[in-house]
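Me: I would like to check some labels against their cut-offs. Here is the structure.

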Amino acid sequence: MSAVRQELQRQLQRQLQMDTEEKLHNKVSVTDYQAIRDNILQSWRVSKRTESKDRIAQALDAFIAELTTVGESPIQTSIQNETNASLVNKAKLDSLVVKQSAQIRLWLRVENNNKFIRRKKKVREHIERFCLDFYNAQKTTPNSHEYILTIPYENDKDLDKQVYDLFQDMDSHADMDYCFIEVDAHEIGTDRSW
């Protein structure tokens, strides 16, 4: 009985593999992707907010461009062979943009909302792991509440946005565990602060 079961499993695996290979070798053109994009935009329901529809269109265009750039998979290379127009290669674009990095000294205080809640340590660990670790945060001393962050940015507006987004993420993590935070940040070497 087990030999029959094993043979059935082998046949099913072969069939799945053949189906997958057939799907991989099917060619999808850019015009097909654009038709799907247009269909999505027509059927998408956004009430009284044209800017949302514009953002959806931009996201779909970026996704199509990502699918149609030359990559490692056979699907992407077959798509690229069918296109006549040159598409934007995101990797090249990112390499052309010169990014600077800012060293930021961040002071973080985490407190409980009331005396019945004891989650400060847990919240600080979550913030360190999920928010600050992205910016290679280093504590100035082992038990301090100060961190040195390295934030890559393109211009001052981008740096401000990243810092305020970081503050918002940290505040969300604290708020989910019934705590609140106080944050102070200064760029090292300048008089800039947030």
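Me: What is the handedness of the crossing of α6 and α7?

Reply: The crossing of α6 and α7 is right-handed. A crossing is right-handed if the near helix is turned clockwise from the far one by less than a right angle, and left-handed if anticlockwise. This is a predicted model: local features need pLDDT of at least 70, side-chain atom pairs pLDDT 80 or more, while totals for chains, interfaces and linings use all residues. Residues are numbered from 1 along each chain as its sequence is written, and side-chain values use heavy atoms, without hydrogens and water.

Me: What makes F134 and Y135 an edge-to-face pair?

Reply: Rings of Phe, Tyr and Trp (its six-membered ring) pair if their centres lie within 6.5 Å; planes under 30 degrees apart are stacked, over 60 edge-to-face, the rest tilted. The centres of F134 and Y135 are 5.0 Å apart and their planes lie at 80°, so the pair is edge-to-face.

Me: Why is F134 called exposed?

Reply: Exposed means over 50% relative accessible area, buried under 20%, partly exposed in between (1.4 Å probe, protein chains only). F134 has 66%, so it is exposed. Y135 has 9%, so Y135 is buried.

Me: Why is the pair of Y164 and F167 edge-to-face?

Reply: Their ring centres are 6.1 Å apart and the planes lie at 80°, so the pair is edge-to-face.

Definitions and conventions
Helix = DSSP H or I, 4+ residues; strand = E, 2+ residues; numbered from the N terminus.
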